[in-house]
Amino acid sequence: MSTAFHLLDVAIVAAYLATLAAVGVYFSRRQTDLNEFFRARQTMAWLPVGLSLMAALNSGIDYLMQPASTIRYGVILLVGTSSWLFLYPWVTKVTLPFYRRLGVFTAYEFLEARFDVRVRTLAAAIFIVWRLGWMATAIYVPCLAINAATGGRADLTTMILVLGALVTVYTMLGGIQAVIWNDVIQFVIMFGGLAATVWISLTSVPGGLSEIFTAASQAGKMSFAAPLAAGGGALDRIRLFFEQPINVTAILCAIVFGRMAGYTSDQVMVQRFQTTKSLEDSRRAFIVNAAGDALWMFGLSFVGLALLAYFNHHPQPPDLAPDKILPYFMSQVFPSGAVGLVIAAILAASLSSIDSAINSCTSVLVIDVYQRLVADRFLCSRGPTPARSHSAPPLRGGSLRRLARAAGASAARDARQEVFVSRIATVAFGMLGTLLATNVSRIGTLLEIANKLINAFAGPLFGIYLLAMFSRKATALPALAGGVAGSVTSYVVAYHSPIGFMWPSTFGLAATLAVGWTLAWLTPARPSAAALQLTWKAVVGVDTVSV
């Protein structure tokens, strides 16, 4: 394979990485307590938070996965963008007002107040496993792209180690503010690289736009529906339906439930929205995120169609892996400088996911494990939040102690200690994610990795939150049993069944709810009056506008 990776491209990538490190160093001097390190004292405006969310949730995985998957499956994958229509009322009317009124640092504090510390710890553990999988994949992807674009001259393992070290350092130094502002930079670079990729791929196809759509239509890639599997009896048809790798139902279920899970139980999301100044700012940030995601996915899908047409005229090597199609195209066609820009865009898309995952995993470990189970104390300097209302009772399990701790010199010393512990945890998560990244390639294609390794555990976590927020009968035991049953189901479906790779999260959600709600009805235990005051209806009520 030839390479178009020149000295100018190296300079562009190096300058970009140096900028990220500089932002981390700049914000490192401001990190004096956990409220600053994890929530930026709720001073962030809606635009940077929205751009940061979009950058964090659309990683470099998409850059390589979406074009390759569009070549294989067609534009049916774009059905997933309709999920934002279902998500808007759920996020703006249900989850954002709920967390705003609770005023928590992590999404899992709520679970202890509603159930007990065991459920909180289980959910935190599921989240950490979930995000470590995301982090490992996001580190692996840009290194794979650089390896392919340089014709294999850049060693894959070495790049993984270097990239993992860099993102760990700037996240460790600058906290959530460095993460958000670096994500804004990365958003701009991501879309700059996408624009360059769209233009170069369009102009590289003989016949241009008409040839691209003609080739896609002839290959059967323009249909938004996939033929349903056929079989003998009803059971055979059901079995074949679930074993199909891609169909509209599977895509909608995976993406709608996966994103609902994210905006309900993913600390990356909850933490971002907790940094905004108001509920209205959070809603605007969500709209920015949704619009950016739709544009991003349509752009990458068009690149996939353009590559399909291009390789009709310029056959690709027979042994080329699907996830290396775009880097190979770059090495053959892109001019000097453009390769560096697109590699920087892939890095930007990946690093924005990695830094978010590291910071969020750190916040969960420090708040939900270190303070709760190790130090047995909470942030002493945190005062009452204006987002709380009379309908949201004080959280138990430490929140009262947090408000009651004495201020002064001891408080400042404790705050510095907690920031120090947070930085140590950041380094540990960065090292673990980097180590896992060296083994990601063994799972399969990036589309399979995304749904098996990354999204499989979103369903069980979402199920626990649905039980907590909407069931008036569920106690800790049904929630624990449901969460464990859902996690086992997701794992079995993902790795030990012939069921299609889009389904693990949905099956995990169904198992969690089935076991949790059944046990809630069968067991005699009932939530306390205080726990019932933490259901969604009790916390949010009818006034969700002026929070």
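Trainee: At roughly what angle do the axes of α7 and helix α19 cross, and within how many Å do they come?
Mentor: The axes of α7 and α19 (residues 458-470) cross at roughly 155° and come within 10 Å. Axes here are lines fitted to C-alpha atoms, for helices over the stretch in contact, with angles running from 0 to 180 degrees between N-to-C directions. Before we go on, this is a predicted model, where local features need pLDDT of at least 70, side-chain atom pairs count only at pLDDT 80 or more, and totals for chains, interfaces and linings use all residues. Residues are numbered from 1 along each chain as its sequence is written, and side-chain values use heavy atoms, with hydrogens and water left out.

Trainee: Why are α7 and α19 called roughly antiparallel?
Mentor: Angles under 35 degrees count as roughly parallel, over 145 as roughly antiparallel, 65 to 115 as roughly perpendicular and the rest as oblique. The α7 and α19 axes cross at roughly 155°, so this pair is roughly antiparallel. Their crossing is left-handed (the near helix is turned anticlockwise from the far one by less than a right angle; clockwise would be right-handed).

Trainee: Which residues of α7 and α19 meet?
Mentor: V119, L122, A123, I126, F127 and W130 of α7 meet A458, L461 and I464 of α19, where contact means heavy atoms within 4.5 Å. By class that contact has nine nonpolar, no polar and no charged residues. Ala, Val, Leu, Ile, Met, Phe, Trp, Tyr, Cys and Pro count as nonpolar, Asp, Glu, Lys and Arg as charged, and the others, Gly among them, as polar.

Trainee: What makes α13 oblique to α14?
Mentor: The axes of α13 (residues 279-313) and α14 (residues 325-333) come within 11 Å and cross at roughly 60°. That angle makes α13 oblique to α14. The crossing is left-handed. In the contact, V303, L307, Y310 and F311 of α13 meet I325, L326, Y328, F329, Q332 and V333 of α14. These divide into nine nonpolar, one polar and no charged residues.

Trainee: How do you know that α5 and α13 are roughly antiparallel?
Mentor: Their axes cross at roughly 150° and come within 10 Å, and α5 and α13 are therefore roughly antiparallel. α5 passes α13 in a right-handed crossing. The α5 side of the contact includes W84, L87 and Y88, and the α13 side includes L279, S282 and R283. By class, this contact has 11 nonpolar, three polar and four charged residues.

Trainee: What makes a space a cavity or a pocket?
Mentor: On a 1 Å grid over the protein atoms alone, a cavity is a set of points where a 1.4 Å probe fits but cannot get out, and a pocket is an open set with protein on both sides within 12 Å along at least five of seven lines; lining residues have an atom within 4 Å of a point. The whole structure has four cavities of 30 Å³ or more. The second largest cavity has a volume of about 90 Å³. α5 gives five residues to its lining, the largest share. By class, that lining has seven nonpolar, three polar and one charged residues.

Trainee: How much space lies in the largest pocket, and which residues are closest to its centre?
Mentor: The largest pocket holds about 280 Å³. Of its 14 lining residues, V13, L17, I146, M159 and V162 are the closest to the centre. α1 (7-28), α7 (117-149) and α8 (156-204) each supply at least two lining residues. The lining has 13 nonpolar, one polar and no charged residues.

Notes. Points joined across faces, edges and corners; volume = space filled by probe spheres on them. Helix = DSSP H or I, 4+ residues; strand = E, 2+ residues; numbered from the N terminus.
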